[in-house]
Structures are given as C-alpha cells and as structure tokens.
Amino acid sequence: MTIFNSSAWIVAPIIIPLIGGLLCFLWRRDTFFIALFISLANLLSVTTLLRQFLLFGPLRYRMGGWEAPLGIALRLHGPALLMLLMTAVSGIGITLYARGYFSFRISALKHNNRHEQQERFFWPLWLMLWTALNALFLSGDIFNLYVTLELVSVSAAALAALSGKPASQIAAFRYLLVSLLGSLSYLLGVVFVYKTYGILDLEMLRQIATPGPGLQMALTLMTLGLLLKTALFPLHFWLPPAHANALAPVSAILSGLVVKGSFFILFTLWFEIFASSITANALDLIGLLGAGAVIWGSLQAIRQQRLKLLVTYSTVAQLGYLFIAFPLTATENISQEVWTAVTFMVMAHSFAKTAMFMAAGTIFLQVGHDRIRDLAGIRKSLPITSFAYAIAGVNLIGLPPSGGFIGKWLLLTAALTSGQWHWSLVIIAGSLLASVYVFRVVSRLFLTPDEAIIQECRPHSPLQEWPALFLAIIALLLGLIAPYFSLILETTEIVANLAPGGGL
Amino acid sequence: MLTNNLYNLCGLLLFGMGLFALFACSHLLRKILAVNIMSSGVFLVLIATAYRPLGAGEIDPVPHAMVLTGIVVSVSVTALALILACRVQETSNHSLSQSERNTNDGDSEE
Amino acid sequence: MTDNILAAFDLVLITTLLLLAWKLLSCEDIFTAVVLFISFGLLMALAWVRMRAPDVALAEAALGAGLTGPLLLAALRRMERIRKYERRLDLDEERNDYKKPKKKQAPPL
Amino acid sequence: MIIKSRRKNKRRPFDPILLLVLLLTIGLTALLIKANYTIPVTSFGLAAEVARFQPRSGVESPVTAVLLNFRGYDTLLEVMILLIAVIGVWSLTKAPFPQKAVKTSPVQLAVVRLLAPLMCLVAAYLVWQGSHLAGGAFQGGAILGGAGVLLLVAELPWLRTIHSRPLRIGLLIGPLFFLGVALLGIINGRELLTYPGKWSGSLLLLIESTCAVSIGLTLASLFAGGRPADDLIGQTKTPACNREQKRC
Amino acid sequence: MTWQGWLLICILLSSFLPGVIIFSLPEDKYRFRTSLNICGAVIKIIFILIMNVGIYYGHSFELRLPLIQGMELILNADPLSALFTTLSSVLWLLTTIYAVGYLEDSPNRSHFFGYFSLCVTVTIGIALAGNLLTFLLFYEMLTMTTYPLIIHRGTPQALRAGRNYLIYTMSGGAVFLFAIVWLQSITGPLDFSAAGFSPRLLDTHRTALIFIFILLIAGVGVKGALVPLHGWLPQAMVAPAPVSALLHAVAVVKAGAFGIIRIILYVYGIDNISSLHLYSFLIAISSVTIIWGSIRALQQNDLKRLLAFSTVSQISYITLGMSMADQPLAIIGGLVHLVHQGLMKITLFFCAGNLAETLGIHKISEMKGVARRMPLTMTAFTIGALGMIGIPPTVGFVSKWYLGLGALALGNWWVLLILAVSSLLNAGYFLPIIITAWFGKQEAHWPEERRFNRFETRLMLLLPPLFTAFVVIAAGIIANAEISPLAWVKFIIREYGL
C-alpha cells in the first residue's frame with residue numbers, strides 16, 4: 001500500500017511551489033537551485049497528473065475530506081491540465097532565464113546590491129505567483145477562485161514593482177488597484193451567486209444554475225472584474241505600463257501567464273458553469289471588444305518606438321483573439337472546436353510572449369536600450385535571441401505550424417461555418433497587422449549589421465539566450481503535437497456536455 | 001427581511017461610492033481608501049444576506065468566514081498599496097502636500 | 001417595541017456610515033480622511049455586531065480600524081516627510097535610462 | 001499630458017469624463033440595487049450543513065470550524081497572501097527607522113510597558129476563545145500586531161537591531177506549521193488538510209496559535225514598512241547620492 | 001511508418017539539417033560549409049531519384065500527421081510532385097555551386113547559405129504537400145525563408161524591396177488562408193489525391209465556390225506573379241544573382257505556379273472548373289499577364305529587371321496551359337513549361353550574374369561586344385534567350401508547341417494569337433541583346449572588370465550556366481525519349497486520368 005493515495009497528486013502543483021516560495025524566503029542562499037528543483041518537481045507532478053488524467057479522466061478532489069457544498073473541491077479537467085502544463089513549461093524557462101538575467105546584471109552593472117536584492121525577492125514572489133496560478137487553474141469553488149485571484153494580484157503587483165524605477169512603481173500601484181477593483185467586482189458577483197443559490201461549488205452551480213436576475217447581475221459583475229484583469233480593450237489601460245516597465249522576467253511572467261489566469265476563469269464561467277444564461281448579445285459585445293482589442297492593440301504596437309512597449313501592446317492585441325472566440329461559441333456544434341482553439345491560442349501566446357519578452361530583455365541588457373530604430377544587426381551578436389524573437393513573432397502572426405496558427409485556423413473555421421463572416425475578417429486583418437509589427441523589429445534585427453553601430457556584446461551566460469529559444473520553438477511546434485492536446489481536451493466531460501456526440 | 005435589505009442597500013451604496021471615488025480622486029491614499037470602502041460595502045452585503053434576527057434560525061457562518069478572509073486580504077493589499085504609494089511619492093520629484101491638488105503622480109484610472 | 005428601536009438604530013447606523021464614507025472620500029484634507037476612515041471602521045465593527053457576526057466585528061475592530069488606521073497614518077507621515085537621503089535616483093534597471101525623458105514611457109490612454 | 005489635463009479638470013466644476021464616470025457608477029449601483037431586490041429569497045446557504053458536520057470539526061465555534069476546517073484551504077492561501085504582502089513590502093524598501101535615536105517620552109514608555117504585555121494576553125485569550133466563541137488566529141494575530149505597532153510607534157531603539165533571520169522564521173512559523181499539518185492528511189492517506197479525528201481540536205488550536213504569532217509579526221512588519229536593517233548588508237547610499245548630484 | 005514515409009522525411013531533412021548546421025557555423029568555415037551544402041544537395045537528388053523510380057513503378061509515398069479535427073498534415077508524392085522536386089533539387093544543386101562562387105569573400109555567408117538550404121527544403125515541402133493545409137504551411141514558410149535572402153545586401157533599396165515582398169506575400173498568404181478555410185468549411189477536408197471535390201456541392205454553393213476560386217488564385221498568384229500582383233518581383237531583383245535565380249526558377253515564382261496547377265487540377269478538378277465557367281477567367285488573366293510582362297520587358301534597360309518581367313510573362317504560360325485544362329495537350333504544354341521555364345530562366349540569370357560579377361555590367365546598353373570578352377557565358381545566354389523565344393530545338397519550342405496544339409484542338413484562336421504575339425515580343429526584347437552582345441563593338445571599358453586566369457570568369461560561375469544551357473537544348477532534342485521532362489509530364493497526365 002502506498003503511503004498516500006494517488007489522487008493526492010492533484011495538490012502537488014499547489015504545494016510544491018508553495019513550499020519552494022517559503023523556503024526561498026527563508027533561506028536566501030542558492031535560491032536559484034531551490035527554484036530550479038521546484039520547477040522540475042512541478043513539471044514531474046504535472047506529468048504524473050497528466051498520466052492519471054489520461055487513465056481516469058477528470059479528477060475531483062475534496063479538500064480536507066469535506067464534500068462539496070461545505071468543503072472546497074479541486075477539479076482537474078482538460079483545459080486546466082493544459083494550463084498547468086503550460087505554466088510548468090513556461091515556468092522552467094522563466095526560472096532559467098531569470099537566473100541568467102540577474103546574474104548578468106549583478107556581474108555587469110554597478111549598484112549590484114540593488115540587483116541582488118531584486119533577485120533575492122524575485123524568487124519567493126515568483127514561486128508564490130506560480131502557486132497562485134496553479135491553485136487558480138485547479139480551483140473548483142468560486143470563492144476560492146477569489147482568494148487565488150487575490151493571491152495572483154498581490155504577488156504580480158509586487159513583482160511588477162520590483163524593478164524599483166519610478167515608472168514601474170506607478171504602474172505597479174495602478175496595477176494593484178486595478179486588480180483589486182477587479183477582484184472586488186468579482187467578489188460582489190460571488191456574493192450575488194451565494195445569495196441566489198447558497199452554494200459556492202462550481203460543479204453544483206453548473207447543475208442548478210438557471211437564468212435569472214441574480215445570476216445575470218452576478219455574471220455581469222464577475223465578467224467586468226475579470227475583463228478588467230484580463231485587460232480587454234478598452235479596459236487595457238493599465239497593462240502596457242505595468243508590463244513594459246517591469247524587469248524582463250517579470251514582464252514575461254505577467255504577459256505570458258498572469259493574464260491567462262483571469263481569462264481562464266472567465267472562459268470557464270461563461271461556457272461551463274453558467275453557459276445556460278449567456279445571451280447572444282453579450283457574446284457579440286465581448287466579441288466586438290475583442291475585435292477592437294485586436295485592431296487597436298496592433299495599431300498601437302505598430303506605432304511604438306520601444307521594443308518592450310511594442311511587445312506589450314501586442315499582448316493587448318493577442319488577448320483580443322481570445323475574446324473573438326466568444327461569439328463563435330454561439331453555434332452549438334462547433335463550440336468544442338472553439339474551446340480547442342482558445343486553449344491553443346492561450347498556450348501558444350503564453351510561450352511566444354514569454355520568449356519574446358525574454359528576448360527583448362536580453363537585447364535591452366546587452367545593447368543598453370530598446371529603441372527599435374537602433375537595433376539594426378543585433379543578430380550578429382545575439383543570434384539565438386534574435387532567432388527566438390523571430391520565431392515567437394511567427395507565432396504571433398499565426399503562421400503554420402505554430403500553435404497560434406492552429407488557434408486561428410480553428411477560429412476561422414468556426415467563424416465561417418457558423419456564417420459569422422465579420423469575425424473572420426478581423427482575424428485575418430489582425431494577423432496582417434501582427435506581421436507588420438513583428439517584421440518591423442525582425443527585419444531590423446536581421447539586417448546585415450553596420451559595423452559602426454554594433455558593439456561586441458556577448459551574452460554572459462547561455463541561460464540568457466537559450467530559454468527564450470526553447471520556449472519559442474515549443475510554441476512553434478505546438479501545432480505538430482496538437483493531437484495530444486485534443487486528446488486531453490476531449491477526455492473532459494465538460495466538453496462532452498457542450499458538444500454532444502463530438503469526438504475525433 | 002427589512003434589516004437585511006437595509007444593510008444590503010447600504011453595502012451597495014458604499015460600493016458605488018467607493019467606485020466613483022476610485023476614479024474621481026487622484027490622491028493615491030484616497031484611492032486606497034476608496035477601495036477599502038468598496039470592500040467594506042461588499043462585505044456588508046454578504047453579511048447582511050446571512051443575517052437572521054434572533055430566534056429566526058441559525059446564522060450561516062460561511063459568509064462570516066468569507067468576510068474574515070476578505071478583511072485579511074484587504075488589509076494585506078492595503079499595506080502593500082500604501083508602501084507602493086509611498087515609494088511613488090518618494091521617487092517622484094514633487095512637493096508633498098496634503099491637498100490633493102498638488103499631487104502629480106501620473107496616476108489616473110481612465 | 002424593541003423592533004422599532006432596532007430599526008431606528010439601523011437607520012442611524014446606516015446613515016452615519018454612508019455620511020462618513022461620503023465625507024471621507026470628499027473632504028479636502030487627507031489626514032481628516034484617514035481619521036474618518038478609522039471611525040468608519042469602528043462603526044463597521046458596530047454594524048457587524050448588529051448583524052450578529054462577532055468574529056467579523058472583532059476582526060474589523062482589530063484589523064480594519066486597529067491596524068489599517070495606523071498603517072494609513074504611518075504612510076501619510078512617510079509621504080509628508082521629504083527624505084532626501086532616501087530618494088532613489090538610481091532609477092533604473094537600465095544603464096542609461098535616465099537620459100531619456102520619463103514621461104514618454106507613459107503610454108497614451 | 002494626461003496628468004496636465006487631469007489637473008485642469010480638477011479645477012473645473014464640470015468635468016465631462018468625471019460626469020460620465022458618475023453617471024456610470026450611479027447606473028451600476030442602481031442596477032445592483034434593483035437586482036438585489038429582485039432576487040428571490042431562498043432558504044439560505046450552508047448553515048444546516050455546517051451545523052451537521054460541526055461535531056466532527058473539532059471546534060465549537062462554527063466560524064472557526066468553517067475557517068480552519070471546512071474551508072481551511074482558503075485560509076491557508078490567505079495566510080500566504082499576508083506573507084506575500086510582507087515580501088512585497090520588503091522588496092520595496094527598508095524599514096524607515098530614523099537615523100538618530102528618538103527619545104521616547106516616559107509617559108509613552110510607561111503606556112507601552114503596560115499595554116504591550118496586556119495585549120499579548122488578550123491575543124492569547126482570543127486565540128484560545130476562538131475554538132468556541134468569537135475570536136481566533138486572525139483576531140489574536142491582529143491584537144499581537146497592534147502590540148507590535150505600539151512598540152514601533154514608541155520607537156524603542158532595540159527594534160532597529162532586530163535581525164532579519166529570526167524575523168523571517170517568526171513570519172514563516174505559522175504558515176509552515178499550517179502547511180505541515182495540512183500535509184499530514186496526505187501522509188495519512190487522506191486528503192490535504194484532513195485533520196486526524198482525535199487531535200483535530202488541539203491541532204487546530206496549535207495552528208491558530210502559531211498563525212497568530214506569524215500574523216502578528218506580519219502585521220507589525222507591514223506597519224514597519226520595510227525590511228529589517230540587516231536584510232541586505234552592505235547596501236550603501238552613496239552611489240545613489242552621487243548619481244543624484246550628477247543628474248542635477 | 002513505411003520506408004516510403006521515411007524517404008519523404010529524408011528528402012526534407014537532407015537540406016534542412018545542413019541548413020540548421022550552417023547557421024551555427026562560424027563565417028570562416030568555408031570548406032565545411034560548402035561541402036555540407038553540396039553533399040546535402042547531392043543526397044537529396046539521390047533520394048528524389050529513388051522516389052521517382054518508386055512512383056513510376058506504382059509505389060505510393062504518403063505520410064500523414066493528423067493535427068486536430070479537420071486538420072491534417074499530409075506529405076504525398078505523386079508524379080506532379082516528382083516533377084517539381086526533381087526540377088528544384090537539380091537546379092538547387094547548380095544554384096548552390098553558383099552561389100558559392102558568386103558570394104566568395106562577401107560577408108554573412110553562413111547566414112545566407114542557411115536560409116538558402118531552408119528555402120529549398122520548404123520548396124520541396126510545397127511540392128510534396130498532400131493537401132491545402134500542408135501546402136499553406138510550406139507556402140508561408142517560403143515567405144519567411146526567402147525574405148532574409150532578398151534583404152541580404154542590407155541596402156535601403158533591398159530593404160524596400162523586402163518590405164514590398166512581405167506586404168505582397170503576407171497579404172497573399174492571408175487571402176489564401178481565408179480561402180482555404182472557407183473552402184474546407186464547405187467541402188470538408190480535401191486531399192490532393194481526390195482530384196477535385198464532389199460536383200454536387202456546385203448546386204448549393206455555386207457563388208461561394210467561384211469566389212473562393214478567385215481568392216485561391218489570388219493567394220498563390222502573388223507568388224506566381226500574376227499581373228496585378230506581380231509588383232514585388234522586379235523590385236526583388238536587388239538581391240544577389242543566385243537569389244534571383246532561386247526566386248525565379250526554383251522556389252518562389254515556381255511555387256506560385258505550382259500552386260495554381262494544384263488548385264486547378266487537384267483541388268477543384270477540371271470538370272468543376274468547367275461547370276463553374278472559370279476557364280475564360282483564367283485565360284483572361286494569363287493572357288494579360290503574358291502580354292503585359294512582355295511589354296514591360298521591352299521597356300527595360302536593366303538586364304535583371306528585363307529578366308524579371310520576362311519571368312512574369314513566361315510563368316503565365318503555365319497558367320495559360322491550365323486555363324485550357326479540358327484539353328490534355330494544353331495541360332502537357334503548361335506542365336512541361338514548369339520545367340522548361342526553370343531551365344531557361346536559370347541559365348539567363350546565371351549569365352546575368354556572371355556579367356555583373358565579372359565585368360560589372362548591369363545595363364543592356366553596356367553589353368556591346370561583351371560576347372567577345374565572355375564567349376562561353378554569352379553562348380549560354382543566347383541559348384536561353386532563344387529558348388524563351390521558342391526556337392527549335394530548344395525546350396521553349398516544345399512547350400509552345402503543345403500549348404499551341406491544345407489551343408488548336410480547342411479551336412481557341414485567341415490563345416494562338418496570344419502565343420504568337422508574345423513570341424514576337426520575346427524576340428523583340430531578347431534579339432537586340434543577343435545582337436549587341438555578339439556583333440556590337442565595345443565602346444568603353446567595362447564598368448568593373450575583374451580578371452580570372454584561364455577562364456573568362458570563375459569556374460564555379462561558368463559551369464552551371466553551361467550545363468543548364470546544354471540541358472535546354474538536349475531536353476528539347478530528346479523530348480520524345482523515355483526520360484525527358486515531356487515524357488514524365490505525359491506520365492503525370494496518364495496518372496491523372498486523362
């Protein structure tokens with residue numbers, strides 16, 4: 001007999017980074033190795049979880065042994081598993097990169113105390129954030145979701161302020177307030193749900209939820225709050241300063257992972273728990289905002305003169321795609337494809353954006369600035385980083401075989417089969433605009449360098465360059481391992497409910 | 001039922017007031033206060049919903065626990081926000097005055 | 001009879017709460033606002049007691065008023081104290097960022 | 001640019017944006033109130049469930065039972081939020097103790113001497129009382145934190161010499177213990193946060209006490225507003241000053 | 001996986017792996033890089049020959065990688081792919097040899113050759129694609145890999161050309177993607193092996209299918225340089241000569257033309273197109289392109305630009321052949337021109353590159369008497385040019401002959417007229433060049449003369465055009481033999497079922 005029953009693996013992705021975070025705060029020495037060990041252990045546990053999931057299907061875990069209406073349930077379904085996997089893989093990349101980043105700064109720049117301090121606090125905050133994200137993906141209780149959301153906001157805001165420069169602190173302050181506002185709005189929604197049904201468990205809510213004024217209000221409030229956190233246009237105002245002014249690994253975390261958390265909740269609530277009370281108008285409205293985000297974000301990205309800001313605005317634009325998916329779910333028989341599409345886009349964007357911010361950060365550190373105008377020929381001295389950036393860019397444009405392409409293809413298919421033309425045009429326009437802002441930078445990076453401009457800058461350690469390439473390539477090849485993902489998504493009873501009779 | 005509704009109303013009004021103030025005020029501290037007022041409002045709605053007059057049955061303890069959690073969360077967030085606000089003030093080169101008019105912190109919520 | 005008294009109490013409490021909130025959000029002086037906020041917290045504690053939530057009342061009194069108040073006051077004091085020696089001007093992660101105007105980084109909203 | 005326009009707006013009596021915000025918030029609030037009154041009143045919540053399982057929770061107070069047992073997971077995460085707030089605050093700045101020792105007035109000192117131990121007692125009482133009446137880790141911790149605040153306000157000189165490591169251990173003791181007990185459930189082959197039936201009462205009390213200590217320290221640290229002086233040895237201020245001069 | 005599947009993968013990897021390795025090589029590893037490149041090319045040709053034999057004896061080469069519902073990557077080698085892969089790989093070998101000679105001592109060669117290898121991998125991928133999704137995959141990758149080659153020189157002009165190239169091809173790709181998704185939302189997943197979707201769909205989705213067809217043709221027509229969409233091609237001439245050769249004869253333009261063939265023969269199918277009355281549309285487009293390209297070529301003084309416009313015109317013969325697809329003879333003419341045009345055009349570009357590299361000649365007006373200085377090069381050039389005009393026994397004649405036969409069989413006099421006019425125009429811009437080169441008198445010094453001992457130019461620059469020129473004549477003479485391109489094209493047509 002084993003010492004613990006196998007379902008306990010579901011809490012491992014929460015507990016492992018949590019312990020790591022606490023240890024990193026306590027120990028202070030060799031924190032990188034703690035973090036690395038933790039991220040590997042986390043990957044291991046997620047893989048084990050994946051195996052169990054494939055064997056037994058969706059899992060449900062009663063925290064503290066208490067049954068659902070009273071206790072808190074964790075649940076593992078396909079999308080959550082994929083998010084865990086995504087976080088685990090990106091997390092390893094970020095952990096490695098952060099080490100390279102900080103060690104370079106500590107060794108290369110003056111005021112190294114400040115950088116040491118940043119690194120020292122980065123690790124516990126990052127591991128805590130990781131805990132929070134994993135907890136968020138696994139949570140099966142709307143109030144617990146609120147707690148995890150707060151956990152995410154607090155650690156993310158603290159990370160965003162880590163760089164210490166005034167702009168980042170103002171941005172972090174605003175970020176914190178906005179997240180808080182979002183969480184409060186969500187909490188009020190929870191209050192309304194509790195008022196109406198007296199239940200907090202998601203599964204049970206799904207069974208008993210019926211359209212009504214209470215639910216509608218609750219849903220509106222939760223949606224508003226989560227949209228604010230996910231930075232859907234025009235609620236994106238806080239995102240660019242916060243993401244652009246943070247340290248590079250932090251930007252990667254914020255753009256690559258954190259926004260996905262709130263989006264994940266939103267999507268779950270809309271299409272799983274309260275699917276019955278969603279009206280077509282609401283879907284269209286969200287889709288419209290998403291289209292606005294794609295266009296506006298891309299145009300802004302095209303206009304930017306600084307690399308990090310460009311990447312940030314592209315986040316705004318890419319998030320828009322996720323919302324364009326909303327109205328496409330209106331047709332019954334294609335909603336599964338839309339689920340798949342969204343999962344793909346989320347994952348691809350996460351990997352690609354993480355890689356992109358890492359590359360931008362390395363370029364910034366090595367060259368000393370990130371004015372796009374003056375980046376000609378960086379490829380010569382930072383080939384790996386440049387390739388990472390370019391490959392990540394290919395992902396954002398959505399060229400095959402990247403994960404972004406699979407997502408766009410599925411969305412386009414959904415739009416065209418359901419006869420909702422306009423969305424497909426936005427998607428196409430978005431990728432064209434994306435190619436403009438991606439190539440604006442890439443063509444400079446890959447120019448034959450002018451000897452006068454380029455100084456010989458060699459990266460300090462391979463950790464500064466390789467993680468970005470690694471993640472970018474994963475994003476690029478995501479499309480090729482698509483069958484496994486759809487396998488995971490299809491073992492989800494939720495998806496089966498959404499699309500009866502669906503399946504490969 | 002009247003009491004519940006009364007306090008509910010109060011909570012919602014507090015929420016609305018805080019929301020407006022969060023957007024309208026530019027002083028960082030005032031924004032933090034506004035958020036705190038908002039959260040108080042939310043808590044009030046929750047607790048008021050659970051309220052039963054004496055003798056009218058058990059009071060549901062779950063909302064109480066939720067509010068307790070919420071209060072602790074809001075205290076921690078407030079503390080962090082305050083320190084951040086201080087840092088912003090310290091690093092931005094502006095004279096610090098009590099009046100809101102003089103704070104130029106670049107923070108606006110639109 | 002007791003019902004009426006309670007109702008009157010409720011009304012007074014709620015009105016005071018709302019007025020306090022209004023006042024503290026709109027008054028000119030931020031110090032006054034903080035002080036008002038502390039009293040607002042205490043009144044909230046009263047409201048929790050009225051709602052038969054003693055745990056919450058205790059927590060609110062101790063945390064909401066007892067700790068947030070001093071926190072706010074301390075922050076206020078810090079903000080008002082101009083400590084030149086602590087002003088950070090090694091601003092940036094980047095080596096030469098201070099050469100560029102800061103304002104440009106704020107994106108258009 | 002935005003800031004400037006905002007400042008101008010501040011002076012003008014009618015700011016269109018502000019008016020819009022006002023209208024929006026009023027609208028939202030009105031909607032909320034309307035929804036609030038149209039929700040059908042159902043038989044409420046989980047009270048019955050809690051009452052049914054309370055005997056198995058190990059404590060008498062229903063709120064504590066919910067907080068630490070039924071929904072203990074929330075509380076675990078919440079303790080972590082407090083901790084993250086401290087880490088965040090520490091990452092931002094050092095505790096601003098004045099350079100010169102301030103002379104504390106004797107009256108203040110006397111008050112502190114009297115109040116601080118008293119508050120500790122009250123805190124202990126609250127924690128203990130938490131198992132059957134109102135009170136618990138958070139309330140007790142808050143009182144402890146209040147005691148810390150009192151000490152900090154008095155600006156006693158020895159506070160400045162508090163070292164980072166013992167403080168960190170103190171901050172972590174509660175969360176770690178809580179986590180350890182939570183893991184005990186897994187080791188016993190049950191779920192996370194499952195307490196062994198017989199001892200659950202005493203375990204909960206222990207969790208509450210350790211958490212109260214940590215929460216008290218956390219709150220006091222939050223009030224102190226920065227990391228201890230020795231947290232990053234060798235951080236000098238001179239380079240910053242030089243830079244400042246250069247810049248000016 | 002069967003050995004056939006592995007073979008397909010090996011064919012792709014034989015240039016992909018060298019490409020990746022070359023990227024990581026330092027600049028000065030000249031020998032290793034060159035041998036890697038050439039070994040890769042030779043191995044690739046060997047693999048492809050094995051595949052061709054296999055196809056001839058009826059083996060099926062297929063590799064499927066299902067992605068997600070309705071999405072599948074398919075590599076499938078049919079006789080048509082064999083034609084294109086053989087052409088590309090052989091010409092790639094020659095171009096590589098040529099490029100090694102051409103780029104001697106220039107900077108960033110590892111970068112250049114890396115992309116060069118990737119580029120041919122992707123082209124082979126296009127040839128082997130078994131459905132539209134796979135085609136799109138490689139089609140977009142082709143844009144990515146050719147773009148760095150176009151901007152390789154890094155001059156403002158090159159950058160502008162690159163930007164235009166991107167604008168054209170990315171928009172084309174987007175339109176193509178849109179059209180594919182739309183088509184598949186109507187027809188369901190489509191394999192090329194099906195040779196056309198079910199005619200029943202025509203009743204319900206007639207208008208949509210017409211629209212989709214136009215969009216598809218526009219999508220691939222950007223790379224195939226159909227007339228309103230050809231703007232990038234002349235500008236892209238700023239790239240080094242091997243790149244131009246690659247663009248025109250091996251990869252990009254060819255990929256566009258190949259895409260048109262695929263769409264007409266294998267996606268829509270001959271019958272569907274004829275019932276949608278799309279042939280006249282195709283004839284119109286291709287005729288306009290042929291005439292317009294020739295007229296523009298007449299006006300050029302810059303040799304490479306002239307060749308570019310001539311490509312615009314010549315590549316449309318393929319489209320013209322396809323636009324008479326209900327007549328097998330016309331298809332034969334179009335398909336065989338895919339090979340023939342590649343051979344002729346690459347000869348011409350090699351020669352133009354030689355002139356520029358050895359004597360610094362870029363303009364036609366500078367070419368007076370150049371044949372006396374570089375007789376071998378100019379012989380090759382003359383053969384290529386005569387082929388373009390369509391003079392027997394060159395291969396150009398064979399293509400035009402079959403096109404003409406097809407038009408005659410259809411009774412389409414209009415097309416015959418177009419053929420005649422375009423041949424006249426071709427003669428109009430090529431003959432003067434030949435005449436000046438051979439009979440003109442050198443008036444001034446060559447703009448930038450470099451001397452090489454023994455031969456008129458570097459051996460590696462000289463051999464490839466001579467070889468291709470030889471093939472241009474040889475393939476024309478043995479057109480009726482068993483192993484000529486023409487024979488293979490007839491095999492394709494037989495396999496297709498006509």
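**Figure 1. D:Leu193 sits in a loop of chain D.** In this predicted model, D:Leu193 belongs to the loop that runs between helix 8 and helix 9 (200–224) of chain D. Helices (H or I, at least four residues) and strands (E, at least two) are DSSP runs, numbered from the N terminus. The phi angle of D:Leu193 is near 70°, a positive value in a residue other than glycine. Most residues other than glycine have a negative phi. Is D:Leu193 buried or exposed? D:Leu193 counts as buried because 29 C-beta neighbours lie inside 10 Å. A residue is called buried if 20 or more other C-beta atoms lie within 10 Å of its own, exposed if 12 or fewer, and partly exposed in between, with C-beta atoms placed from the backbone.

A note for reading all the views: residues are numbered from 1 along each chain as its sequence is written, and chains are lettered from A and ligands numbered from 1 in the order in which they are written. This is a predicted model, in which local features need pLDDT of at least 70 and side-chain atom pairs count only at pLDDT 80 or more, while totals for chains, interfaces and linings use all residues.

**Figure 2. E:Ala225 also has a positive phi.** Look for E:Ala225 in the loop between helix 7 (201–223) and helix 8 (232–235) of chain E. Its phi is near 60°, a positive value in a residue other than glycine. E:Ala225 counts as buried because it has 29 C-beta neighbours inside 10 Å.

Figure 3. Most peptide bonds are trans. In chain A, a cis bond links A:Phe233 to A:Pro234, with omega about 0°. A:Pro234 is placed in the loop between helix 8 (213–230) and helix 9 (239–245) of chain A. In chain E, E:Pro392 and E:Pro393 are joined by a cis bond with omega about 10°. The loop holding E:Pro393 runs between helix 16 (375–389) and helix 17 (395–410) of chain E.

**Figure 4. E:Arg305 and its neighbours.** E:Arg305 is part of helix 13 (residues 303–322) of chain E. This arginine is buried because 20 other C-beta atoms lie within 10 Å. Which residues does E:Arg305 touch, not counting residues up to four places away in sequence? They are E:Pro234, E:Met237 and E:Gln300, where two residues are in contact if their C-beta atoms, placed from the backbone, lie within 7 Å. E:Arg305 and E:Pro234 are 71 residues apart in sequence, yet their C-alpha atoms are 5.5 Å apart in space.

**Figure 5. Helix 17 of chain A has a kink.** This helix (residues 421–445) has 25 residues and spans 36 Å from its first C-alpha to its last, close to the 36 Å expected at 1.5 Å a residue. The expected span is 1.5 Å times one less than the number of residues. A kink of about 30° is centred on A:Phe439; the bend at a residue is the angle between axes fitted to the seven residues ending there and the seven starting there.

**Figure 6. Where chain D meets chain A.** Of the seven pairs of chains in contact, chains A and D share the most contacts. The contact draws 47 residues from chain D and 48 residues from chain A. Helix 5 of chain D gives the most to the chain D side, with 14 residues. The residues on that side divide into 29 nonpolar, eleven polar and seven charged. Here Ala, Val, Leu, Ile, Met, Phe, Trp, Tyr, Cys and Pro count as nonpolar, Asp, Glu, Lys and Arg as charged, and the others, Gly among them, as polar.

Figure 7. B:Ile47 touches B:Pro63, B:His64, B:Val67, C:Trp48, C:Met51, C:Ala53 and C:Val56, not counting residues up to four places away in sequence. Chain B has three helices and zero strands, and buried residues make up 75% of its 110 residues. Chain C has four helices and zero strands, with buried residues making up 41% of its 109 residues. Chain C and chain E do not touch, and their nearest C-alpha atoms are 27 Å apart.
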